[in-house]
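Try each task before you read its solution.

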Amino acid sequence: MKRIELLAPAGNLERLKVALAYGADAIYLGGIKYSLRARASNFTIENIREAVEVAKQYNAKIYVTCNIVAHNSDLNDLEEFKKYIKELEACGVTGIIVSDLGMIDIARSVVDKLEIHVSTQLSLMNSEAIKLLKEKNVKRVVLARECSLKDIKRIAKVSPVELEVFIHGGMCMAISGKCVLSNYMTNRDANRGGCAQSCRWFYNLYDENKNLVNDKLFTFSSRDLQTIKYIKKLIKYGVASLKIEGRMKSEYYLATIISQYRRLIDSIYNHKKIKYNDYIKEMLKAESRPTSHGFYKGKITCNEQIFDKTAEIPLQDFVARVLDYDKEKKIVKIEQRNNFTINKPFEVLSPSGTFRLEIKEMWNNDNEKVEVAKHAKEVLYFKSDYEFSEFDMLRQVK
Amino acid sequence: MEIVLNTNELGYLPFLDTNVNSFIIGLKHFCINQRYALNIREIMLASDLIQKKQKKIYLSLNIFAGEKDIYRLKRKMKKIKELPVNGFIISDLGILNIFKENNLTHKVILDCQTYVTNKYSAKSLINLGIDKVYLSKEIILNDIKEITSFNKNKIALFAQGYYPISYSKRPILTNYYKKFNIKRKKELHYLKEENREQYYLINEMKNNLVVYNHREYSLFSCLKDIIDIGINYIEINALFLKENEIKEYLSFYKEGVNYILENKLDEYAKLNEMFKEKYIFETPFLYNQSFLLKEDK
């Protein structure tokens, strides 16, 4: 049986390397054009080529998102789009993720080998729609986040193509691709990469006579998705790929979340006993929003929504990224990410796991002793017998 | 020009003797953005009355269907197939596939909530078996022109009424009321962001939450362009409006279309001025494309 794929996002090359180091089997990323998430750094064709080369070292795959809902102007230069698709195939990209049916047809007319995956932007929630899209010679469908676990099971039983499901990350309150709040409220096109997330704003709610319902503010804001307890079932159902959302997310977030799902998936395949709470506890260290199981149980209750402004917490646990380790001198070179003091204990997050650490002494580039790291991205050093690697991260234990 | 009235909660009866050409009526349990829908027996009756008046009836099954909806629809297909209607309005490709597998010969129209924004996408849908495709309201007039010319006689437009700007399957209003332990009295609500003037309509029915733009949309002022482009199907939606308002709209549109077709452009211009004086509406993206980020301005 083919092992399930753990699919992670990457907003730039650095995050791609982190995602692979922490156990992703495949990465999805956006190109400069044709991709949602206009604010993510996004990859030039040279970057994509490099990404494919890096992925090869991990025996991993690269998928490129071409998931805008295109207007005519986006496809005015049809030859440019065709050339881009051919270039993606030529540089070893495994597949493209597309939501626009016209773009699917055009892409299919110029490449054979490149897989076409139907984006969640097309909001597919049933097996009949998937059967119809088989006519378009697509390899995989990313199911809508509105599917329950039961839906996924039923669809997987009869689907003629591979299925990919979201397992973690931000959730649109609306059906993907069916919301243009941002267009109307900010003139930024939600379906072409400019979503202003108006659903996360707070509103006064009035009744039909325009009387204020309550002094409590209203928001559409959804809790983020977290499905650690459902992975075993998804594997059993024959889902092909488990997708983590977040091309805009930080390297720390990616490292934390990917490492936990990696560990869990491996434990399931190795029939190890699973303590779900350990995974959840670890993932909470990287979450800035409360999480829930989304639509997995079928019904959306108050527990799947956010109601107040204080629910979103800026994370400051991640304090430094390891840049280098001098094996001879046993000196670790780090780069500051959030203020920290050496008087409190640390935890090291590495692709092989986590462990506690104490830093007794730390110094900067001028060899001055530093107790409180308060300068953004300051390069600092400390001594350690543990052999650090490039992608290790430090967080302060509160 | 086929002027189609989406009857919504007002129903079709008050408009049987108006100059409307066709009616859109929702099928109970299978439509959204409809505040009132009919069951199969009622559809039969409506169909009879409507067709006696030489008008068409389109049945709306425009839900975004989950696996359960598909199962329920399959069970009803035999009856649906036999309904004496002129066509179906759908949003979900799964429903199209069921129609195809059941060799349905009716006209199938793709609803405007599917956001079709380019000529290739429209063509692709037509190739899959759609007879007419509504275009997104978020594209510019030039795009409508180009898409229509690329897909002749296959394009429909939403012309008048309140229209959704977001669909959700989350009962967010219900949850808000539960969370703050407030007794809910009304179905329809308004939202207003603190720093903005606009009141956006929001409506939740059976786990489907729809947000509407704060103003009505209207293509009346560019009716001539639309006819010149080759559009031959436009929808007026009765949602949240009163019977007399709809009757007025129908008169304006019918008269406007006639003036244009008879090349009485001065008369149409006068009518257009009257329309602008009488109603407040907006077509935010018809002449101004939205941008992606601030730097794209």
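**Exercise 1. The interface**

How many residues of chain A are in contact with chain B, and how many of chain B with chain A? Then find the elements of chain A that take part.

*Solution.* Keep in mind that this is a predicted model.

Step 1: count on both sides. On chain A there are 62 residues in contact with chain B, and they meet 58 residues of chain B.

Step 2: assign the chain A side to elements. Those that give two or more residues are helix 4 (101-110), helix 5 (127-134), helix 6 (149-158), helix 7 (181-186) and strand 8 (203-207) of chain A. Helix 5 of chain A gives the most, with 6 residues.

Step 3: sort by class. The side of chain A that touches chain B holds 29 nonpolar, 16 polar and 17 charged residues.

**Exercise 2. Strands that pair across the chains**

Which strand of chain B is joined to strand 8 of chain A, and in which direction do the two run?

*Solution.* Step 1: look for the bridges. Strand 8 of chain A is joined by 5 bridges to strand 9 (residues 188-193) of chain B, and the two run antiparallel.

Step 1: A:Leu205 has B:Leu191 as its bridge partner in strand 9 of chain B.

**Exercise 3. Chain A as a whole**

Why can the radius of gyration of chain A be said to agree with that of a compact globule? Describe the core as well.

*Solution.* A compact globule of 398 residues would have a radius of gyration near 21 Å, and chain A has 22 Å, so the two agree. The C-alpha trace of chain A spans about 65 × 60 × 45 Å along its principal axes.

Step 1: check burial, using the cut-off of 20 or more other C-beta atoms within 10 Å. By this count, 52% of the 398 residues of chain A are buried.

Step 2: go to the core. The largest nonpolar core has 215 residues, and A:Ile96 is one of those with the most contacts inside it. Helix 9 (residues 251-269) of chain A gives the most to this core, with 9 residues.

Step 3: list some neighbours. Beyond four places in sequence, A:Ile96 touches residues including A:Tyr63, A:Val64, A:Ile85, A:Leu88 and A:Ile116.

**Exercise 4. Chain B and its domains**

*Solution.* Step 1: read the assignment. Domain 1 of chain B covers 2-162 + 216-288, and domain 2 covers 164-212.

Step 1: relate the two. Their C-alpha centres lie 25 Å apart, and 6 residues of domain 1 are in contact with 6 residues of domain 2. On the domain 1 side these are 4 nonpolar, 2 polar and no charged residues.

Step 2: Chain B has 9 helices and 14 strands. Its radius of gyration is 19 Å, close to the 19 Å that the globule rule gives for 297 residues, so chain B is as compact as a globular protein of that length.

**Exercise 5. One glycine**

Is B:Gly129 buried or partly exposed?

*Solution.* Step 1: locate the residue. B:Gly129 sits in the loop between helix 4 (119-128) and strand 6 (132-134) of chain B.

Step 1: count its surroundings. B:Gly129 has 15 other C-beta atoms within 10 Å, so it is partly exposed.

Step 2: name its contacts. Leaving aside neighbours within four places in sequence, these are B:Leu96, B:Lys100 and B:Val108.

Key: Residues are numbered from 1 along each chain as its sequence is written. Chains are lettered from A and ligands numbered from 1 in the order in which they are written. This is a predicted model: local features need pLDDT of at least 70, side-chain atom pairs count only at pLDDT 80 or more; totals for chains, interfaces and linings use all residues. Two residues are in contact if their C-beta atoms, placed from the backbone, lie within 7 Å. Helices (H or I, at least four residues) and strands (E, at least two) are DSSP runs, numbered from the N terminus. Ala, Val, Leu, Ile, Met, Phe, Trp, Tyr, Cys and Pro count as nonpolar, Asp, Glu, Lys and Arg as charged, and the others, Gly among them, as polar. Two strands pair if DSSP finds at least two bridges between them. Domain bounds come from an automatic or database domain assignment. The radius of gyration is taken over C-alpha atoms; the globule rule is 2.2 Å times the number of residues to the power 0.38. A residue is buried if 20 or more other C-beta atoms lie within 10 Å of its own, exposed if 12 or fewer, and partly exposed in between; C-beta atoms are placed from the backbone. A nonpolar core is a set of buried Ala, Val, Leu, Ile, Met, Phe, Trp, Tyr and Cys residues joined through C-beta atoms within 7 Å.
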